[in-house]
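Subject: Structure handover

Hello,

Here is the structure I promised to pass on. Please open it first, then read my notes below.

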Amino acid sequence: MTPSLTVNLLRILFVTFFAAIGASISSAFSENMWPGLALGAVLGLIVVLIDRLLKGVSLRLFSSATFGLLLGLIFANLLMASDMLHYQSETVQWAARLLVYVVFGYLGMMLAMRSSRDEFSLIIPYVRFAREATQHEPLVVDTNVIIDGRIADLCSTGFLSHSLIVPRFILGELQLLADSHDPTKRERGRRGLEILNQLQRAKDIELTVHEAADHGAEIGADERLVRAAKVLKARLLTNDHALAQIARLQQVPVLNLADLARALRPTLVTGDELDLHLVKEGREGHQAVGYLPDGTMIVVNHARSHLGKTRTIVVASALQTAAGRLIFAELKDGTAQSPA
């Protein structure tokens, strides 16, 4: 049974319970139970409607509103305790009390919901709310990051949050890939599911499947991810540049693994030495090409005879191209080095 079906079943049972209670009360006062049954069903439906309207309200927001309401009522009570309306009629006093309590309660709730937890310390100076470290903020995970596979190693190092959230529709995407007739897509889907199972088995990682609202075909997966991150007050973890740009435009914090990989690339300057495995021929007749672990291509002059071997090279120059960084180098001891 899907979670949405379970919720709808609970709502039906709730309305049925109200209708039964109404019928029971109506039967106790009169012979006819139908008016009470109808009234109970209507009240139950009203409660369910209120539940639907409060769908986007989180427990944290509700707690802040409750605290603000309490403070507002305290201030209103202190104001009315001054007995400034002593010489007014009972009707005037009742109306004034109602107005004061409603106004102060409303203002208290609005101020509390707009305030951060640290600002509450101005009201309660001896109570400090624990600040959540950035490392412990939850991360909503994109499909590409799961399939990529590096997330498991990153979480184990402690550089990423250990609280990961996978929306239900992401699992659906992985399942579709795993069942695809295309061998490449099928392999990617199975790899993603295996990575999730690995993360779920890890003792220091908290993996949660979020039952995101099902918008069907109305919006794409990227927009649903951004909405899920907004609702959960979480950061979005992806390696999709376009998705990262969309999320940032909507004020959603993003961690882009592609940006992280670029930032961690070793900076090579002229004169640096390193060992490089030469894997293919270069454009010129005397050149050989090798690659760094991050994919940066290095063209080595006068090294064609060393293909398939690892040689010590010296960086000569670097060129930034549209496809990335291109580095030119020479063999450390020039052409005098033996190809054997």
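In which sense do E7 and E8 pair, and over how many bridges? They pair in the antiparallel sense, over 4 bridges. Strands pair here if DSSP finds at least two bridges between them. Helices (H or I, at least four residues) and strands (E, at least two) are DSSP runs, numbered from the N terminus.

Before the rest, a word on the source. This is a predicted model: local features need pLDDT of at least 70, side-chain atom pairs count only at pLDDT 80 or more, and totals for chains, interfaces and linings use all residues. Residues are numbered from 1 along each chain as its sequence is written, and side-chain values use heavy atoms, with hydrogens and water left out.

**The chain**

The chain has 11 helices and 10 strands. Of its 340 residues, 29% are buried. Buried means under 20% relative accessible area, exposed means over 50%, and partly exposed is in between (1.4 Å probe, protein chains only). The accessible surface is about 21,900 Å², and carbon and sulfur atoms hold 62% of that. The areas come from the Shrake-Rupley method with a 1.4 Å probe; for residues, only the protein chains shown count as cover. Take the contacts (heavy atoms within 4.5 Å). Among those in the chain with a separation of 6 or more, 55% join residues 24 or more positions apart.

**The hairpins**

Back to E7. Tyr291 has Met297 in E8 as its bridge partner. The hairpin of E7 and E8 has 5 residues between the strands, and Gly295 takes a positive phi near 95° there. Glu281 stands opposite Ala288 in E7. A hairpin of 6 residues joins E6 to E7.

**Strand E2**

E2 pairs with E1 in the parallel sense over 2 bridges. It also pairs with E3 (residues 206-210), again parallel, over 5 bridges. Ile165 takes part in both pairings: Val140 stands opposite Ile165, and Thr208 in E3 is a bridge partner of Ile165.

**Asp142**

Asp142 lies in the loop between E1 (139-141) and helix H5 (143-148). Asp142 is buried yet has no salt bridge. A salt bridge needs a side-chain nitrogen of Lys or Arg within 4 Å of a carboxyl oxygen of Asp or Glu. The nearest side chain of opposite charge, Arg188, is 9.1 Å away. For charge, Lys and Arg count as positive and Asp and Glu as negative; His and the chain ends are not counted. The side chains of Asp142 and Thr238 do make a polar contact of 2.8 Å. That term means a pair of N or O atoms within 3.5 Å; within protein, one must be able to donate a hydrogen and the other to accept it, and residues adjacent in sequence count only if both atoms are side-chain atoms.

**Two loop residues**

Lys233 is not a glycine, yet has a positive phi of about 55°. Lys233 sits in the loop between H9 (221-232) and E4 (235-238). Its relative accessibility is 66%, so Lys233 counts as exposed. His302 also has a positive phi of about 55° without being a glycine.

Best wishes
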